[in-house]
Amino acid sequence: MSLDSAEWYLEAAVNFSVAEVWRECEQRDTDTLSITLDLTDGQVSDASASNALQLLNEHLATVIIPEENHLILCDVQIGEAIGNEAVAKVVLAIGSGYDKVGGIVTAYGSNAYYNFGDITFLTGTNLNCGCGPKAGGAGKCADRQIEARINSAIGLPTYGCYYTGVLNLGVDCFWANNNAYTHTSFPTGIPATPYMIYHCYSANSVCPYCFTPSLLTYYTQSTWDLMHLIKPTGKALITASVRGTFVPLGTNAEYFHGALFSYGTLNCTRQ
């Protein structure tokens, strides 16, 4: 093949098989390398081009770490032939820094007061999960609000992509992937870490089942952080399901959110 064809071959092979140009990221770096191509009568043999591609892929394997960075684009420029050789100059654009891309929205409006879950039996009236200044107003429960914010931040896979090796990890206030999150009583205010999943046990049902905007913000961010904390290596976030549960214990009450997090290996095919 000609030098122009070899240049196209290397770029296309990498960009169509490795690069993820659509993936959003905060940080971008460049990496460069040179690969010498053997020529025959000024042209590149299939074997020489294949060897160059193998060297390029081997280099990529040393700089691309799954879930830490990714290849955005590969640019190859082959210089003029000198004797029986030509040098391919390769520039790799590498992206990283995903945590704040798009980002999860944790700001709730001043009237965003919601019951932590479906506790109609406590009020005797179906308030559509509204409470506080929002009492009587229609709206989703706090657990559904949190769930929606998380799933919106995850988004959907790009066209032509699908998940394999799906894994579901259930989390409640006691256990998260075999790591204990000890529960305790905190009838008012925002508990400190590690209480990432809401839990309250208190006498006479004084738990704050009416979540204020600040509580909604805290548990939205905490549930999102926890989803990342227990994410298996090499898998991507798929979806989160958050539910509020109330357990009557005589004159006492226990409230807690539970979550089911889904992860999978992202595979993409392109025509």
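# Notebook: rings, charges and strands

Entry 1. I began with two phenylalanines: both Phe 116 and Phe 211 are buried. Buried stands for under 20% relative accessible area, exposed for over 50%, and partly exposed for what lies in between (1.4 Å probe, protein chains only). The model is predicted, so local features need pLDDT of at least 70 and side-chain atom pairs count only at pLDDT 80 or more, while totals for chains, interfaces and linings use all residues. Residues are numbered from 1 along each chain as its sequence is written, and side-chain values use heavy atoms, with hydrogens and water left out.

I then looked up the aromatic pairs, and the structure holds 3 of them. Rings of Phe, Tyr and Trp (its six-membered ring) pair if their centres lie within 6.5 Å; planes under 30 degrees apart count as stacked, over 60 as edge-to-face and the rest as tilted. For Phe 116 and Phe 211 I noted ring centres 6.5 Å apart and planes at 40°, so this pair is tilted. The pair links distant parts of the chain, 95 residues apart. Phe 116 is in the loop between strand E5 (114–115) and helix H3 (120–123), and Phe 211 is in strand E10 (residues 210–211). Helices (H or I, at least four residues) and strands (E, at least two) are DSSP runs, numbered from the N terminus.

The next pair I checked was Tyr 218 with Tyr 219, where the ring centres are 4.9 Å apart and the planes stand at 90°, so the pair is edge-to-face. Tyr 218 counts as buried at 19% relative accessibility, and Tyr 219 is buried at 1%. Phe 116, Phe 211, Tyr 218 and Tyr 219 form one aromatic cluster.

I also found a charge over a ring: Arg 149 lies over the face of Tyr 108, 3.9 Å from the ring centre. The rule asks for NZ of Lys or CZ of Arg within 6 Å of the ring centre and within 35 degrees of the ring normal.

**Entry 2. Salt bridges.** How many salt bridges does the structure hold? I noted 2, each a side-chain nitrogen of Lys or Arg within 4 Å of a carboxyl oxygen of Asp or Glu. Arg 144 forms one with Glu 147, with the closest N and O atoms 3.8 Å apart. Both residues are in helix H4 (residues 142–154), and being 3 residues apart they are separated by about one helical turn. Arg 144 is partly exposed at 36% relative accessibility, whereas Glu 147 is buried at 14%.

Glu 147 also meets Arg 243 in a salt bridge, at 2.6 Å from N to O. Arg 243 is in strand E11 (residues 236–249) and Glu 147 in helix H4, so this pair ties together parts that are 96 residues apart in sequence. I logged Arg 243 as partly exposed, at 34% relative accessibility. Arg 144, Glu 147 and Arg 243 are linked in a network.

**Entry 3. A four-stranded sheet.** I looked up the strand order of an open sheet of 4 strands and found E2-E1-E4-E3, with antiparallel pairing. Strand E2 (43–44) and strand E3 (69–78) stand at the edges with a single partner strand each, so one side of each has no neighbour in the sheet. Two strands pair if DSSP finds at least two bridges between them.

E1 and E2 pair over 2 bridges, and Thr 40 stands opposite Gln 43 in E2. E1 pairs with strand E4 (residues 85–96) over 12 bridges; Leu 33 has Val 90 in E4 as its bridge partner. Between E3 and E4 I noted 9 bridges, and Leu 71 is partnered by Ile 94 in E4. E3 and E4 form a hairpin with 6 residues between them, and Gly 83 in the turn has a positive phi of about 70°.

Entry 4. Is Val 21 buried or exposed? Val 21 is exposed, with 56% relative accessible area, and its place is in the loop between helix H1 (3–17) and strand E1 (27–40).

Last, I looked up Gly 165, which is in strand E6 (residues 161–171) and counts as partly exposed at 48%. Gly 165 and Lys 235 are 70 residues apart in sequence, and their C-alpha atoms are 8.6 Å apart in space.
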